[in-house]
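Keep the viewer open as you read.

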Amino acid sequence: MTAAGTSGFQELGEGCFAYLQGDGGWGWSNAGLIVGDGQSLLVDTLFDLELTAAMLDSMASVTSAAPIDTVVNTHANGDHCYGNGEVTRRRPAVEIVASEATAREMVEVPPSLLAGLNNAPGEVGELFRGFFGDFHFDGIELVPPTRTFTDRLQLDVAGRRVELIEVGPAHTAGDTIVHLPDCATVYTGDILFIGGTPIVWAGPLSNWIAACDLMLALEVRTVVPGHGPVTDAAGIVAVRDYLSFVDAEATVRHDAGMDAFDAARDIGRAIGADERFSSLGEFGRIAVNVDAVYRSLDPGYTSPNVVEQFRRMAELEQA
Ligand SMILES: [Zn+2]
């Protein structure tokens, strides 16, 4: 599961660091650390308190001299914010920053909800443990943002300029990317999955494609995705290509009157035969992605509930 050299705390150069978790499959998210003189900013926490504690311990060689004063949550998915409480336990005065839309969305899927799904009896528990069984959600109290913004916010980390740019709704309702002009680096949150399939919980896809174009225009050298290995502009282009392909293919099938899940199966076969996309992990996410296209084309279209969406993803990957 975990390839050598792609896990753990690593310096990218000029006081920019990444914390990577293996192949970036379900829940195995990345985080970032931006270090100024005597002060640090953490980009995202991890899916549970134990993982976040291990990450913070691994950063101690740097953060002992430059403690974390600020956390940015790129979006509301638990694998980027459920660990907030471990940071505030160690640093009670830490400021937690997120977009307004992210702050609103965080309360919609609390850790207790995922704990309940993981602990559910029968088929539902089995299904969710297949996705999230490695993580420990019981007893996590989500610590919400203390400061919110819309559109853009500039932060100062001991003299370093950090630009937060809201690019959602795309992956979720309120995605934020974190841009460091002084070291030509961007932390993208789940606007990029590298080696895995992007999942469009919110959309529209056109917004996410626009976010890719915006990132390319930043002309950064180093790109830290929300999942998977560190990349560069080529990684941004690959995600944009996947989203453009799915948007076009799903639109054709929608206009022909095809059922959304049938369209996902059909496009899934095309993806499997396309060398640009066939090696991407979590291939079943096409079901959720096609559904997002159908929603954007028809405001009256209702998506299946979250349990059914996970059932469909599991079914596609078992086929
Ligand atoms: Zn994630």
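How many bridges join strand β3 to β4, and do they run parallel or antiparallel? Five bridges join β3 (residues 31-36) to β4, and the two strands run antiparallel. Please bear in mind that this is a predicted model.

**Around strand β4**

Between β3 and β4 the hairpin has two residues, and Gly38 there takes a positive phi near 85°. As for cover, four of the five residues of β4 (residues 39-43) are buried, leaving the strand mostly covered.

**Packing**

The largest nonpolar core has 79 residues. Leu42, Phe132, Phe137, Trp208, Ile286 and Val290 are those with the most contacts inside that core. What does Val290 touch, once its neighbours within four places in sequence are left aside? Val290 is in contact with Ala250, Ala260, Ala263, Ala264 and Ile267. Another core lies apart from the largest one; it has 19 residues, including Cys16, Leu20, Val43 and Val157.

**Pocket and cavities**

The whole structure holds three cavities of 30 Å³ or more, according to the search.

| Space | Volume | Lining by class |
|---|---|---|
| Largest pocket | about 610 Å³ | 19 nonpolar, nine polar, six charged residues |
| Largest cavity | about 40 Å³ | five nonpolar, six polar, one charged residues |

Which residues lie nearest the centre of the largest pocket? They are Asn77, Val109, Trp201, Val306 and Phe310, out of 34 lining residues. The elements giving two or more residues to this lining are α4 (100-106), α5 (111-118), α6 (122-132), α10 (286-297) and α11 (306-318).

The largest cavity is lined by Asn30, Ala31, Gly32, Val43, Asp44, Thr74, Tyr187, Thr188, Gly189, Val224, Pro225 and Gly226.

Terms used:
Residues are numbered from 1 along each chain as its sequence is written. This is a predicted model: local features need pLDDT of at least 70, side-chain atom pairs count only at pLDDT 80 or more; totals for chains, interfaces and linings use all residues. Side-chain values use heavy atoms; hydrogens and water are left out. On a 1 Å grid over the protein atoms alone, a cavity is a set of points where a 1.4 Å probe fits but cannot get out, and a pocket is an open set with protein on both sides within 12 Å along at least five of seven lines; lining residues have an atom within 4 Å of a point. Grid points are joined across faces, edges and corners, and a volume is the space filled by probe spheres set on the points. Ala, Val, Leu, Ile, Met, Phe, Trp, Tyr, Cys and Pro count as nonpolar, Asp, Glu, Lys and Arg as charged, and the others, Gly among them, as polar. A nonpolar core is a set of buried Ala, Val, Leu, Ile, Met, Phe, Trp, Tyr and Cys residues joined through side-chain atoms within 4.5 Å. Buried means under 20% relative accessible area, exposed over 50%, partly exposed in between (1.4 Å probe, protein chains only). Contact means heavy atoms within 4.5 Å. Two strands pair if DSSP finds at least two bridges between them.
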